Structure formats: structure tokens, C-alpha cells
Amino acid sequence: MDIRQLTYFNEVAKHKSFTKASRILHLSQPTLSKMVKGLEDELEMELIDRSSRQIQLTEAGQIVYEQSSVILESLDHLSTHLYDLMHLRKGKIKIGIPPLIGFLYFPKLIKSFKDQYPDIEIQLIEHGANQVTQEVKDGLLDLGVIVLPLDEDSLDIISIIEERLHLFVHSDHRLAALESITMKELEGEEFILFSEGFTLHDRVIEYCEEAGFNPKIAYESSQWDFINEMIGENLGVSILPQSLTKKLKTSSVTSVPIRSPKLPYKLGVVTKKGRYVSFASKKFIAHMNDHFSHS
């Protein structure tokens, strides 16, 4: 048994698919199948039940998957420890961010960080906050930036930003000229939301339900630019962070404060509890705290 076999089996078990695993590992499917079969032969037991359309782990396979995950994470920690020791101010960070958060806050942040630490490589992975959270828990990301609050015992959470959510509407909308509005006044409006998997999707629905109505969802998208254009065509309204007001590129969209209830928009950085935090990640988290405390 070697590390390659465990790595390959781990990917197959994680995705329950030879096809997905082979794509991620950049291996041909026959090669991957042969490696996994070799591991089964060496252990003299079947790890994967291939009788159904979607592969399932056998009882032995589940044990190997759980233990191999621990082994591979430990090796990753070892490599990172040694890299930090040898390279000091160098390193690489894999950061998960929802697209809206990246658009609003990250360009200037990354520029100032790279000016200070030019030898630290940053890899940004854009997903909805729910997927970012899961990938941090799975050890696939060094850290993630997500919308708070988050009830998750397996993660360390540091709050970094707090602002308010506003209503975004077409400039000719009946609510556009008001100084502020209540959530109840939005009953009957058609909403343009971020897609499922984005925290704001669920939060907006919750806020509407707390105000006593179920929102009419006209459109969903993972892209702020598309949502902005749809509002600009007067096809619906949306609830988004106040900071977006500064990013509006058209006079056809305006924002209105929501006074009752006031809706907070809090962001935090999350890391996996117990996972080694590299020099590069520590410096980036510290830089974020300093950057946003002076913004």
C-alpha cells in the first residue's frame, strides 16, 4: 500500500464516482480503476460495491476512507510545516469566497497584501458560502470568507466586516424615492436572488417569512452583474449589501435602506478547527483584520 493508492481511492470515495475522480486527478479512468483494484487486492477485501449505478463503499471501504483521510491530511500538515520552515515568507493560500464578497472587498485587499508579501501565492476559489464552508471542513481550502452567523463547531471563526443590507430597485420603482422602507412593504414584489448555495438566497427568504410573507422569486443567478442588469430592466427587486451602492454603474438602479428590521450583513473568515494554519494563511488573516478595521 502506498500514498498514491490511498490518494486515488480517497478521491473516488469522496465523489462516489470514478469519472469525477479521474477528472480531478488528471488520470484516465482505466488507470484509476486499476490503482483502486490494486489496493483492494493488496488488502484482500472489496472496498467499493460496483453493483449499483452509483458506486457505494463497503463497510471495509468506509473504514479505509475515514483512515486514509486522516493520513492524507496529516501528510499535508507535515508538508506545510516543512515548507514554512524552509521558505519563511513564501507560501501558497487557497481561499474560498462567494463571488459577491470577492467583487466587493478583495481586489484592493489582495493588492495591498501582494505589495507586502510578493512571494506568497494566492489561489481564489469562487463558490457559494455553503460550499466554501464545506470545502474548508473537508480540508480542501486553507480558509474561507463567508456570511455570518455560522453555527459550526468544527470551524474557527473570526468576524471581519459588518454592514447593512439594503433594498436595490429600479430608479422608477414605487419605493425608489423613499428614505427607507420596511420588509413588510416588499410583500407582493418579485425578487431576484442569488442562487441556492449562496447564504443570501436563504437569508432573504427567511427575512421575508419573518415579515409575514413568502417572497415571489422571479429569477436567480450566481452573478452580481446579471442581477444588477435585471434590476436595471425593472424585472424585480433584490436585497444586497449596502457597499454595492458604490459599485452601481447605471443610474437606473438605486438602493433604499431597510429600517425595520435592520438587516445586518456580517462576514467572517473560517478555518478548520485543529488544522495547522500556515505562515501565509496567518499573515493573510492578520492583513484582512487590519485592512477592514481601517476601511
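Biologist: Where is K246 found, and is K246 buried or exposed?

Modeller: In this predicted model, K246 is found in the loop between β10 (238-241) and β11 (253-260). Exposed means over 50% relative accessible area. K246 has 76% relative accessibility, so K246 counts as exposed.

Biologist: Which residues gather in the patch of positive charge on the surface?

Modeller: Residues of a patch need over 30% relative accessible area and no salt bridge. K246 is one of the residues in the positive patch.

Biologist: Which helix gives the largest share of the negative patch?

Modeller: The negative patch on the surface consists of E196, D202, E206, E209, E210 and E220. E209, one of these residues, is partly exposed with a relative accessible area of 44%. The largest share, four residues, comes from helix α7 (residues 199-210).

Biologist: What type of pair do the rings of Y105 and F292 make?

Modeller: Planes over 60 degrees apart count as edge-to-face. The ring centres of Y105 and F292 are 5.9 Å apart and the planes stand at 90 degrees, so the pair is edge-to-face.

Biologist: How many residues apart are Y105 and F292?

Modeller: Y105 is buried at a relative accessible area of 10%, and F292 is buried at 12%. Y105 lies in helix α5 (residues 99-116) and F292 in helix α9 (residues 279-293). The pair thus links distant parts of the chain, 187 residues apart.

Biologist: Which residues form the aromatic cluster?

Modeller: The structure holds six aromatic pairs. One aromatic cluster is formed by F106, F113, Y117 and F284.

Biologist: What separates K37 and D41 along their helix?

Modeller: The side chains of K37 and D41 meet in a salt bridge, 2.8 Å from N to O. K37 is partly exposed at 40% relative accessibility, and D41 is partly exposed at 45%. Because they are four residues apart in helix α3 (residues 29-43), the separation is about one helical turn.

Biologist: How many residues apart in sequence are the parts tied together by E152 and K137?

Modeller: E152 forms a salt bridge with K137, with the closest N and O atoms 3.1 Å apart. E152 lies in the loop between β5 (143-148) and β6 (155-170) and K137 in helix α6 (residues 129-137), so the parts tied together are 15 residues apart.

Biologist: How many salt bridges does the count come to?

Modeller: The cut-off is a Lys or Arg side-chain nitrogen within 4 Å of an Asp or Glu carboxyl oxygen. K14 and E11, at 3.5 Å, also form a salt bridge. By this rule the count comes to nine.

Technical notes:
Residues numbered from 1 in each chain as written. Predicted model: local features only at pLDDT ≥ 70, side-chain atom pairs only at ≥ 80, totals over all residues. Heavy atoms only, no water. Patch = residues over 30% accessible without salt bridge, like charges linked within 9 Å, V, L, I, M, F, W, Y side chains within 5 Å. Areas by Shrake-Rupley, 256 points an atom, 1.4 Å probe, with all protein chains shown as cover. Lys, Arg positive; Asp, Glu negative; His and termini not counted. Charge placed at Lys NZ, Arg CZ, Asp CG, Glu CD. Helix = DSSP H or I, 4+ residues; strand = E, 2+ residues; numbered from the N terminus. Buried < 20%, exposed > 50% of the residue type's maximum accessible area, 1.4 Å probe, protein only. Phe/Tyr/Trp six-rings, centres within 6.5 Å; stacked < 30°, edge-to-face > 60°.
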